[in-house]
Structure formats: structure tokens, C-alpha cells
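This report describes one structure for a reader who is new to the subject. Look at the picture first, then follow the text section by section.

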Amino acid sequence: MKIYRAALLTLLFCSLLAVPALAVRIEISAPGEQTIPLAIVPLLPMGTAKAGIAEEFQQVLENDLTFSGLFDLVDPESFLADAKKLTLHSTQVDFGQWRMLGADALIKGGYRLEGEKLIVELRLYDVVSRRLLTGRRYFGKLRDVRRIAHSFADQVLLSLTGELGPFNSRIAYISKRTGYKELYLMDVDGHNPVRLTDHRSIVLNPDFSPTRKELIFTSYKKGNPDLYRKEIYTGRESRLSLKPGLNIGGRYSPDGREIALTLSKDKNSEIYLIGTDGTIHKRLTNHYSIDVDPSWSPDGQQIAFVSDRRGNPNIFIVDINTLAVKRLTYAGKYNATPAWNPKGGRIAFARLKDRQFNIFSIRPDGSDERQLTFGPGSKEHPRWSPDGRFLVYSLDENNEKSIWMMRADGTGARRISAPGSSDSHPAWSGRW
Amino acid sequence: MESSRKQRWRQLQSAVDPGLRWMLLVSLLLHLLLPILYQTLWFPTKERVRPTVYRVNLVNKPVKNPQAGRPEAVLTKKKKSPPKVKLKSKPPKPLPPKPKPPKAKPKAKPVPVKAKSRPAPKPVIKSKPVVKPKPAVSEAQETALQRRLQQLRDKQRQEQAEKARQAKLDMLRAAVAAESRQVESPVRNAPVGSVTGKGDQVGVDERDYVREFITQQWRLSRYQLNTRNLEAEVVLVYSTSGKLLHYRFERKSGNEVFDSSLLRAILKSKDLGQPLQQQTEFDVTFNLKDMLDKP
């Protein structure tokens, strides 16, 4: 009996001692900060050091990641002792130091030179959970430092967003630096420009094949504006469509099997579908007005184009199967050059307003129209990056044409083409 | 003359095609029809896009010792302190001095007052007849003395009026200061400040503090996500010392980027940096309802 009493008393005592936990409900409806604090440690040599490698790598990587808009870079001046250690394993990193600096993510790496061969080891760590997010070992040559940095920037975006970045892709554009409008190719940050054509005529409207390393473009080389195809690495070139009249604005379908373009073989410009061999598959529009500038929807079922069938040039969408046409834009007197986001969400286009073009974007259902660019100069020919995060466009200001890049929301605009080269009509490649 | 005019008019009427009137009438009707048609479904108008609403949190700044109730609640308590009682006692005073303004009037009546005020100093002059033996000089002296006396009186009156004005101003200032301290919430009984708090600082209660603290630790870029329809529920148990005892995901969003950002926020919120009144279980719902739009 005494035992029971003692047990009962003990239970009663314990229940009195036990602190009842108060339950509280909280709703947090937005993050406190919308950038990730990232520390990028300069590359460390894993053998003999070579001047310039670490600096160039750092500059390219920082440039790409800053442009992504995701990160808030930690000042390298504040780095502590761990920044001087080549720690390529999460157990070796002193994460406490990086937490002290407020970093949530950390990039560390090293390089080794074996003759002409360059080996770069890179790691992305989550400082808070103290784990490795992604690690890569790149093999290349000394001239590949920039490419390696772009590739790793893409991997960082993949790791933190689930979508690969577009930095290791290319941009084709038209430049008049030789006196003629020729086709060029450059890196996403404007480096390594290469001339692809020598037509000594007028080259226009380039577009990349989504499946192969080749481009289509319009050229007046033979007098008529014909559609050409060019393989980038072999340099092989052929005329794809040489119908009488216009053969302009060629755009590959998302699967790369067809090309939408404007033909005026019947004296009026209409949108057609042709095969990669140049044969006409289908006529998509049939109206006495001018129909130009086709742009494919990501599912390949619709095409946005420009038509003046209601008086002023506006954006319309045609269904490839039913040929039903619906109007997309109503505002503005001149809407042109539509570009459908490869992720489907929006269509970018240029609108003439106050005697200059600006880039706008709109949902495919016609809602939520937004102006993305402001300020002086005409901004035209918007084209999306393959991940749909960024836009490239040409700016015509003070009689100088240049190529610019910005985020999909219009922020972070930066010039990528060299000054004084008169560049326009950019087109962003797919994954390279 | 008239007949020739009529003839001409008739000739003109006969020359005009009778169908022209009908044409003009039809044309007018068609022109009227246009604005009516414009309002129909054939000419759809685009709906205006509502501007984005931005919310700035300026109120819920956490403090270590949050007060209870609304700000005025604390002020009424402070009224008990001796220095503020002085301020409180002053405001009623301004009411009686209101009639004082007439005192200031002498300023505006310097000349007419001279005649009335002279009788008072006269007795002083009367005592001066001792100097009478020198009448020629005394008259001039007397007038000078009178002037001087008058100047002194005027100066005195001005000083008094200035003092009265200053006193009135001070009272008014005190009244305004006391009134401004009596902060009134635009909504009566509005739950501003901490309801459960027992401190003396203007701030928020534990729940709001923890909410703000975790929010500050949560970092997620809008460029990381393609959708905003994400929500997760996490239970966080904090000890009385403000340390995270344990946590569990009651419901995940299914988006790896979103969920891992929450995990980072939780790990960074291991220590709240201030004690709680008791061990508390926070059922936290994370979503992106107020995150800025991504175009």
C-alpha cells in the first residue's frame, strides 16, 4: 500500500514539475531576404601556381552568378583563415567561420596544370547544413578557364534552383563591323566573338537549331532574301528556302523538325511551315495583310506572329492544327518581334511608344502585360535564354547598335557586345 | 427678285438626286451605329492590370521586454510619475487666462493712455515744487522729466505685456505637449503591441518575435522558383532558454528548393537569442503569399 502511495505521490510530483508546452500557430508568408549570401573563395593552386588563372576564373564566375540575381556576394576582404585552405571535403571546411561572415553558400576550388592540361576541382557547400551541394572536376586547356567558370555557374544554378543555368551557351548576332551585315557568334558574356559568314551583303534574323550546332538566317547574298542554313563547326552552308520574294524570319520548331517562316511567293507575306529540307508543309495564315515574325510556343502547337490585319501591327497567335487566329495585344500602335519563353509563361515583344521601341512581356492569354525596359534608345528583337530566365535584345541609341542582356523581370540590364561594332538581331542558343 | 430666287431653289432641288437624301440619312445612321458597336463584344477591351501591392513591415520589430496592450496603455501608467503630473496639471490653467488679452491692448493705445495715466505721476510732480525758485529752467526740466517718466512707464507696460504673452505661450505649449502625449489609436481597442507581454518596451510579444526571427533567417530568391503556390508546415519546439529542442515537418511542399530553404532557416533559428516565458511549440506555416511577383 505504501509503495502505491509513494508511486502516486511521485507521479503527482512529476506532473507538477512537467512544464506544459504552449502551442502557438505562426504563418510566415514571405522570406526575410530574397538573396542567398554566397562566398566565392579564389581558386587555389594544387601544384605550381600560374598567374591569371584564378583571377580570370573568379571574374567570370562572379559575373555570371551576380547576373543571375540569386546571390549576395560576401566581400572577399572579410574572409578568414579557412579561405586560404584547399578543403575539397565538407569535413575539412570550417563552416563556423563562414557562418560568422553570414554566408549561406560557399564555393571553393583548386587547379592543377599538367603540361598544357588544366584540371579544375570545384565544390559548392551549404554552410548552414554543412554539406556538399555539388562538386565537379573539369579537364581542359588553359584557354578553357572561362568556359569552365561558365559551366560551373550553370551547375550552381542547377543545384540551387533545380534548373541548369544558360551561361555556357552562345549568342548569335548580326554585326556590321566589316562594313557589311554579317553573322557572328559570341559567348553569353560577349567574349570570343567569331564571324561565321562572309556574304558581303545583308544577313538577317539568325536562329539556332535546338538539336544541332547549326543556324538558319536570311541573306541577300544572291540578290533575293533567301533562307540559309549553316553548320557552325564544319562551316558548311546551304540555301534552305529560295522562293521568289521574301524568305525571312525563320524559326526552328522546339523539336527541330520544322521551320516557321514568312514567304511572299504569292505576292503577300504569309506564315508557312517548311521542313528542314525546304519543302513547304503547311500554310498557317491566309490574309491580305502582312504576317511576319513567327515564334513557336514551347509545346510546338502554337505560333505567335505579327500582323496588321486589324490596322496597326499587333501580335497574334495561330494554332497550328486548327489554324484559328487570336489577337494577343491591343495596346500600342506598333507591336513587333514576339519571342515565346521556352518555359511557356510569357511572350516578350517590342512596342513603339513615344517614338522608340521598348521591350514588353505578356502572358499567352493576353493578361498581365508588363513593360520591361525603360530609358533612352530603342530596344528591339528580344530573345529568351534556353532556361527562360534571361532576355537578350538589341539597343539602338545615338546611332549605335549594341546587344544587351537582362533578367526576365527587366532588372540587371548589361551590355555584352563590344563598343563601336554596330551589333543587332541577337539569338540565344540552346544548351551547348 | 423673289420669284427668281424661288425658281433657282426649285431648279437646285430638281438637280439634286432624290436618293442623295437617303444616302445622307443612312450615312448618319451608320456613323451613329459605330460607337454602339464599339461597346459590344466584337471590340473587347483589355482589363486593367492591378498594380502590385508591396507590404513593408515597420511595426513588428522584436524587443526583449515587450509591453502589454496598446501604446496609450503604457502612457496612462506613466502619467502616475511625478514629472508628468506637472504637465497634466498645467493644461487646465490655460482656460482662465483667456480673458488676459485685454492686458496686451495697452500696446495699441500708447497715446490715449497718456492722458489717463498722467494723473498718477502728478503727485510726484507736486513734490517737486521745491525746485520752483527757478521757474524758467524748471518747466523745461519738468517736461523732460515727464517724458522720461512716460517712457519708463511705457517700457514697464511693454515688459508686463511681454511677460503675460510669454506666460500664455508657455501654457499653450504645455497644453499642446500634454495633448500630443495622449496618443489615441485610430481603432479603439486595436491589438497593437503585445497582448500577453508584461514588459515596458514598445514592441511585440514572443509569438511575433519568433515569427520575425525565423522570417529573417529564411532566405529564398524569387528567381529560384517557378511557382508561388507552395506551402509547408513545420513544428518547432523551443525551450524556456530560447533554444530549439526539436523540429519536424508536418507537411512538406514537395518542392525541393523551397523545403531545403526552410530547413536552412530552421537550422539558423536554433537559438532565438532571448528566453521564452515557457517551453513553447510553434506550429509554423511557410508560404509565399506575400512574396513579390515574378514576371
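In chain A, A:Ala304 stands opposite A:Ile317 of strand E21(A). The model is predicted: local features need pLDDT of at least 70, side-chain atom pairs count only at pLDDT 80 or more, and totals for chains, interfaces and linings use all residues. Residues are numbered from 1 along each chain as its sequence is written, while chains are lettered from A and ligands numbered from 1 in the order in which they are written. Strands (E, at least two residues) and helices (H or I, at least four) are DSSP runs, numbered from the N terminus. Two strands pair if DSSP finds at least two bridges between them.

Strand E20 (residues 302-307) of chain A is joined to E21(A) by six bridges, and the two run antiparallel. Six residues lie between E20(A) and E21(A) in their hairpin, where A:Gly311 in the turn has a positive phi of about 110°. On to the next strand: E21(A) and strand E22 (residues 325-327) of chain A run antiparallel and are joined by three bridges. A:Phe316 has A:Arg327 as its bridge partner in E22(A). The hairpin of E21(A) and E22(A) has five residues between the strands, and A:Leu323 in the turn has a positive phi of about 65°.

Is strand E21 of chain A mostly covered or mostly open? Five of the six residues of E21(A) (314-319) are buried, so the strand is mostly covered. A residue is buried if 20 or more other C-beta atoms lie within 10 Å of its own, exposed if 12 or fewer, and partly exposed in between, with C-beta atoms placed from the backbone.

## An open sheet in chain A

Another group of strands in chain A forms an open sheet of four, in the order E10-E9-E8-E31, with antiparallel pairing. Strand E10 (194-195) and strand E31 (423-428) are its edge strands, each pairing on one side only. Strand E8 (residues 170-175) of chain A and E31(A) run antiparallel and are joined by four bridges. Within this pair, A:Ala172 has A:Ala427 of E31(A) as its bridge partner.

Five residues from domain 1 and seven residues from domain 2 make up the contact between them. Two residues are in contact if their C-beta atoms, placed from the backbone, lie within 7 Å. Helix H2 (53-68) and helix H4 (145-161) of chain A each supply at least two residues of the domain 1 side.

A nonpolar core is a set of buried Ala, Val, Leu, Ile, Met, Phe, Trp, Tyr and Cys residues joined through C-beta atoms within 7 Å. The largest one has 101 residues, and those with the most contacts inside it are A:Leu38, A:Ile347 and A:Leu391. H4(A) gives the largest share of this core, eight residues. Why does the core lie between the two domains of chain A? Domain 1 and domain 2 both give residues to the core, so it lies between them. Not counting residues up to four places away in sequence, A:Leu38 touches several residues, including A:Leu65, A:Phe71 and A:Ile107.

## Helix H10 and its neighbours in chain B

H10(B) has 13 residues and reaches 18 Å from its first C-alpha to its last, close to the 18 Å expected at 1.5 Å a residue. The expected span is 1.5 Å times one less than the number of residues. Among the buried residues of H10(B) are B:Phe258, B:Leu262 and B:Ile266. The buried residues of this helix pack against H9, strand E1 (231-238), strand E2 (244-251) and E3 of chain B.

E1(B) and E2(B) pair in the antiparallel sense over six bridges, and B:Val237 has B:His246 as its bridge partner in E2(B). Of the eight residues of E2(B), the number buried is zero, so the strand lies largely in the open.

## Where the chains meet

The contact between the chains takes 36 residues from chain A and 39 residues from chain B. On the chain B side, helix H9 (206-217), helix H10 (256-268) and strand E3 (280-287) each supply at least two residues. E3(B) gives the most, with eight residues. Strand E1 (residues 22-28) of chain A pairs with E3(B) in the parallel sense over seven bridges. There, A:Arg25 stands opposite B:Asp283.

Definitions and conventions. Domain bounds come from an automatic or database domain assignment.
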